[in-house]
Amino acid sequence: MDHPTLHPTRGSGLQAEPVLTDELLHRMDRPGPRYTSYPTADRFVEAFTAEHFLQALAQRHDMGGVGGAGAPLSLYIHVPFCESVCYYCACNKIVTRDHGRAAAYLDALEHEMALAADALGERVQVSQLHFGGGTPTFLSDEELSRLMAAIRVRFELLPKGEFSIEIDPRTVTRQRLEHLRALGLNRVSFGVQDFDAQVQQAVHRIQPFEQVEALMRDARELGFESINVDLIYGLPRQTPESFERTVRQVAGLRPDRIAMYGYAHLPTRFKPQRRIEPAELPSGGQRVGMLAQALAGFVSHGYQYIGMDHFALPDDPLAQAKRQGRLHRNFQGYSTQPDCDLIGLGVSAISRVGPCYSQNAKTLDEYYDALRSNQLPVVRGLALTRDDLVRRAVIMSIMCHGRLSYESVALAHLIDVRSYFAAEIEALEDLARDGLVMLSADGLEVTPLGWYFVRSVAMVFDRHLRADRNRERFSKVI
Ligand code: SF4
């Protein structure tokens, strides 16, 4: 099957410039982490407890956290409820139509927020706030007002901060968007996935194009600064032709950012996926076709490719940050905000504070139980070793900047990089032969072609992954 060539071959010379071919896409189509953290969350251990997390918070209070004294925080709030289930779902959610359940959850969230804020000290500044789920807009306007008020009591939201919310288009109206804007939220992310009616039916998520189009127009008129759209390829009944239509429709709506994910069919792990008919899933070849078309399609519609799963309009701050080498990566994906500590609140939420990660209980019962005992609901986490910290820096440099300077790593971590990473540098030679990286005496640089497989480059430095035989736990690289 022929697909658009993203990087034209050189017209002359001994060696043609590597291009994105089906063969390469197939070969690179293997499971791998998305590196929103390193080590990845599956490495967290139960030996890390609420006590350890409290110590990390107290230490931040004493030291000033990432970025020096008084550095602002990122805040993530998880709202787990959804009114109906999407069959591709792999999120931590509770499907219910009983909106009465939200009140008890908000009580618990406020309690958790109070415990965390007490440990952090007086009204710490927040530069990023994100509501995710589940479906944050499962909460009523009054409940969202209550939650925002509680946040403002405990934290100082900075005037130029990025305050975002995930929107399920089936749960909002223009009036609801107006309310979100009035609460101070300035970014929205629409879960679109696919506009094809057949596909929407197969995944149990019906939201016509016209509905999303109207909401996006409303969001712009209301002054939301950034609109993101999430898409998924590899869903049942999707074909390269149908997905190409969705890509064209999405590009026509001109969202500032687009995040595109490959569907990972893991029905033994994610129960809703058992309702997906395997025979309706696109073949590996079709998946590759969809990916290649989408990559070429968004670029041809004027979008800049940011990294493994993100596109942005060229004047969007994310695209500017990519050009200027100022990208960062956190649990929400790529970001323009400098590295900062993250406090995750709510069931299953993950925090990152200094050299620690911590994760909350995944079930509501456990989450409520811990808070009833006046404990932070932490059930696992990780205190990073020195090796983890070196590798985190290396992996984030590759994922965000597409390069690695041996000298910078040597200076920051006091290691001899070439001997410390001798095995990794040798392993990179295969990727260099495929034209995905350029190696030199000073470091490595991801090529334009290599950006499409940037997490495969990062995976070379993942010590935990190397030791892991069960790699099926991750979604595929493409
Ligand atoms: S995909 Fe999102 S909206 Fe759908 S069930 Fe999962 S968490 Fe809920």
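This is a predicted model: local features need pLDDT of at least 70, side-chain atom pairs count only at pLDDT 80 or more; totals for chains, interfaces and linings use all residues.
Student: Okay, which residues of α11 are buried?

Tutor: In α11, which runs over residues 364–372, the buried ones are L364, Y367, Y368, A370 and L371. They sit on the same side of the helix, because the arc they cover around the axis is only 160°.

Student: And what is exposed on the other side of α11?

Tutor: There you find D365 and R372, both exposed.

Student: What does the backbone do just after α11?

Tutor: N374 comes just after the helix, and its phi is positive, about 60°.

Student: Switching to α15. How many residues does it have, and how far does it reach?

Tutor: Helix α15 covers residues 422–433, so 12 residues, and spans 18 Å from the first C-alpha to the last. That is close to the 16 Å expected at 1.5 Å a residue.

Student: Which α15 residues are buried?

Tutor: E424, I425, L428 and L431 are buried. Down the axis of α15 they fall within an arc of 95°, so they line one face of the helix.

Student: Why do residues three or four places apart point the same way?

Tutor: An α-helix has 3.6 residues a turn, so residues with that spacing point the same way.

Student: Nice. What's on the other side of α15, and which residue with a positive phi follows the helix?

Tutor: E426 and R433 are exposed on that other side. The residue that follows α15 is G435, with a positive phi near 80°.

Student: New topic: where is Q273, and is it buried or exposed?

Tutor: Q273 lies in the loop between β8 (257–262) and α9 (284–300). Its relative accessible area is 1%, so Q273 counts as buried.

Student: What does the side chain of Q273 reach?

Tutor: It reaches the backbone nitrogen of L266, at 2.6 Å. Leaving out residues up to four places away in sequence, Q273 also touches others, including Y87, Y88, C89, A90 and Y263.

Student: Last one: what surrounds the ligand?

Tutor: The ligand is surrounded by C82, S84, V85, C86, Y88, C89, C91, G134, T135 and R205. By type, that shell divides into 6 nonpolar, 3 polar and 1 charged. Y88 and C89 turn up in this shell, and Q273 touches both Y88 and C89.

Note on methods: Residues are numbered from 1 along each chain as its sequence is written. Side-chain values use heavy atoms; hydrogens and water are left out. Helices (H or I, at least four residues) and strands (E, at least two) are DSSP runs, numbered from the N terminus. Buried means under 20% relative accessible area, exposed over 50%, partly exposed in between (1.4 Å probe, protein chains only). A polar contact is a pair of N or O atoms within 3.5 Å; within protein, one must be able to donate a hydrogen and the other to accept it, and residues adjacent in sequence count only if both atoms are side-chain atoms. Contact means heavy atoms within 4.5 Å. The expected span of a helix is 1.5 Å times one less than its number of residues. The arc is that of the directions from the helix axis to the C-beta atoms. A residue is near a molecule or strand if one of its heavy atoms lies within 4 Å of it. Ala, Val, Leu, Ile, Met, Phe, Trp, Tyr, Cys and Pro count as nonpolar, Asp, Glu, Lys and Arg as charged, and the others, Gly among them, as polar.
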